[in-house]
Amino acid sequence: MKIGVISDSHNKVPDKILEHLEDVDLIWHLEDVDLIWHLGDVCDAGVLDDILALEKPLKVVRGNCDFNSEWPITLTEEIEGFKFLLVHIPPDTCSEPVDCLLHGHTHVPRDEMIEGVRFLNPGTIGKPNKGAPPSMAEIETKPDGTMEWRIIPI
């Protein structure tokens, strides 16, 4: 299972993550995943139209710049034996019984273990911060019970 993880679009979704473009060095794009998680700060929900056109399941959590009350503040997902907590603003520690806490908000990629929970942040697709380039991430769960996380600069 491949999961595309994006965050902090702030009304921007780069074309090169939506479709395969031969003249772009990016070999990964959202067409290659089984589902997509957006970790908040979409801003205008209309920006998701291009992502929804890919016809992939999409889950969105509400960020501090979002006003869509239909999006939850947190979401728990279980995929192939891994339990994920999706939030926008990360807590200092995680009291939920999960393997990974995925968050946005800082606009900076992250992969850190805190008290047995892996904190992951894909960075931002729309508004780089603190010298980090725009980025997204992919989670791939494998049949052998392992999981890979990789940051993809865009």
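## Around Arg118

Leaving aside residues up to four places away in sequence, Arg118 touches Asp99, Cys100, Leu101, Asp111, Glu112, Met113, Met147 and Trp149, where contact means heavy atoms within 4.5 Å. With one of these residues, Asp111, the side chain of Arg118 makes a polar contact of 2.7 Å, that is, a pair of N or O atoms within 3.5 Å in which, within protein, one must be able to donate a hydrogen and the other to accept it, residues adjacent in sequence counting only if both atoms are side-chain atoms. Arg118 itself lies in strand β8, residues 117–121.

## Basis of the model

This is a predicted model, in which local features need pLDDT of at least 70 and side-chain atom pairs count only at pLDDT 80 or more, while totals for chains, interfaces and linings use all residues. Residues are numbered from 1 along each chain as its sequence is written, and side-chain values use heavy atoms, with hydrogens and water left out.

## The open sheet

The protein chain has one helix and ten strands, which are DSSP runs (helices H or I, at least four residues; strands E, at least two) numbered from the N terminus. Five strands form an open sheet of mixed pairing, in the order β3-β2-β1-β9-β10, and two strands pair if DSSP finds at least two bridges between them. Because β3 (58–60) and β10 (147–153) each have a single partner strand, they stand at the edges, and one side of each is left without a neighbour in the sheet.

Strand β9 (residues 135–141) runs antiparallel to β10 and is joined to β10 by seven bridges; Met136, for instance, has Ile152 in β10 as its bridge partner.
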